[in-house]
Each structure stands twice: as C-alpha cells, then as structure tokens.
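Hi there,

Here is the structure I promised to pass on to you. Have a look at it first, and then read on for what I found.

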Amino acid sequence: MTDDRSPQPPGLHALGLGGRRDGLLRVPNVAGDGGVLPLVVMLHGAGGHATGALRLVEAAAPGALILAPESRGPTWDVILGAYGPDVAFPDAALRAVFGRRRVDPRRVALAGFSDGASYAVSLALGNGDLFTHALAFSPGFAAPPAPVGRPRLFVSHGVADVVLPIGACSRRLVPRLRAAGYEVRTASSTAATSCRPNSLRRLSECSPKADAPRPRAASHMR
C-alpha cells in the first residue's frame, strides 16, 4: 500500500509495512453497500505466507476486503510462548486499512489455518469489540488474553488431520468455548485439512451484530 490516504483500486496490494515478512490486502471488484465492505483478516499456518493464506479464502469471500499479514517469525508469537510483535504488526495493518477503506463494523472476521487458526481464535476472544466473527480451520488451542465481547465462532477440522488431530484439538476446544458462552458453529471433513472454499460460510451471509461498535481509530488489538 502506498503512503497516501486514497482508497486502493481493486486487486492485490502489498502492505509495505514489514520488509521481508509483510503481507497482502485484496480489494474486491465490488462497490459494497455505499462503499462499505466486510473485512476478513486471514492468518497463515506455521511456515506459511500471505499468498497461501489468501488463496485459501479468496474464493469464499468474493465481496470482502481480505487482509493477510505475515508473522514476524516462522509462526505466530504466542505459539512460541508469548504475545508480542505478531499483535503489533497486524494492528498496524488494520490501522492502515481503516484509514483508507470504509469497513462494515458488523462484519469484521479474524480467520486462520492451523497455527493461524489457534492465533485467530485467541486474538478474537480478546478483541471481541473489534472482531465480530472468528473462523478457525484446524485450530490446535486457544490462549486468549482477557476475554472482551462475544464474537461468533466457526470451527472446522479434518478428521484425518495427523498434525493437529481433531480429537485432541477442536473436539476439546469447542465444548470449552460453548461452556464459556460463545456461539460456535462447527464442520468437519474426511480430508486431512478442512480449509477449502466449500467449507467456508460466505462472510456476506454472516448475521450482522446490530450492537457492534465502529472500528477503533488508533490501536486496535490488545
């Protein structure tokens, strides 16, 4: 993305914020409702990158902005022990997007695959005043900061996953989330991974939250 504040044209744009490990913003070729668009923040798996993360979800969210930031290291920081730069970097990317695009505050989703799914659920639970939905594809766990708000959750997992087995991961995580009062929808497949376009609910079909606040102007994520 360039330094000026004008909206980017449809297409792919490098974030230009992170050097070798950066990220992408996909701007759809649609006007939205008065120029207001839903936003999906998609997090890659361990060793992944923005291009691969974008490829997993772009067909399922044709009318949404898709922000795909990259982790500062080989995977997301809390997987390695603590929150840090991998919160700060997507936060800076969100500030840039909100500064240049009109985002629908009722449809701001944080999504991820594998390690990115664990990170997405964790951050969404701690930032439910920003993220209205969390989409987790083959998550391993959730380690949220202090819970804020009540984002709606979608969890899918491949029953043949040998890296993050469904029994030890999603089938333990989902009951805990429901017991904590979260609305969780689930799906599974016979494949090793469930992050496929036809396993995603289109973001445009998500029920909006009438009481969702507008995205914050300065710092976004805790």
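From the N terminus on, the elements follow one another as β-β-β-α-β-α-β-α-β-β-α-β, which comes to four helices and eight strands. Helices (H or I, at least four residues) and strands (E, at least two) are DSSP runs numbered from the N terminus. Please keep in mind that this is a predicted model, where local features need pLDDT of at least 70 and side-chain atom pairs count only at pLDDT 80 or more, while totals for chains, interfaces and linings use all residues. Residues are numbered from 1 along each chain as its sequence is written, and side-chain values use heavy atoms, with hydrogens and water left out.

Let's start with the sheet. It is open and has eight strands in the order E1-E2-E4-E3-E5-E6-E7-E8, with mixed pairing (two strands pair if DSSP finds at least two bridges between them). E1 (11-14) and E8 (184-189) are the edge strands, each pairing on one side only. E7 (residues 152-158) runs parallel to E8 over six bridges, and Ser156 stands opposite Ala187 in E8.

Two helices are worth a look against this sheet. H1 (residues 50-57) packs on it and touches E1, E2, E3, E4 and E5, a contact being heavy atoms within 4.5 Å. H3 lies across E3, E5, E6 (133-137) and E7, at about 140° to E5; axes are lines fitted to C-alpha atoms, for helices over the stretch in contact, and angles run from 0 to 180 degrees between N-to-C directions.

Now to the interior. Buried residues (under 20% relative accessible area, with a 1.4 Å probe and protein chains only) make up 53% of the 222 residues. In H2 (residues 85-100), the buried residues include Phe89, Leu94 and Val97. Among the elements covering the buried residues of H2 are E2 (23-27), E4 (65-69) and H3 (115-126).

The largest nonpolar core has 38 residues, of which Leu39, Val41, Leu67, Leu94, Leu110 and Phe131 touch the most other members. H3 gives the most to this core, with seven residues. A second, separate core of 16 residues includes Val40, Ala53, Val57 and Leu135. Such a core is a set of buried Ala, Val, Leu, Ile, Met, Phe, Trp, Tyr and Cys residues joined through side-chain atoms within 4.5 Å. Leaving aside residues up to four places away in sequence, Leu67 touches Leu15, Leu39, Ala93 and Leu94, among others.

Best wishes

Terms used: Expected span 1.5 Å × (residues − 1). Buried < 20%, exposed > 50% of the residue type's maximum accessible area, 1.4 Å probe, protein only.
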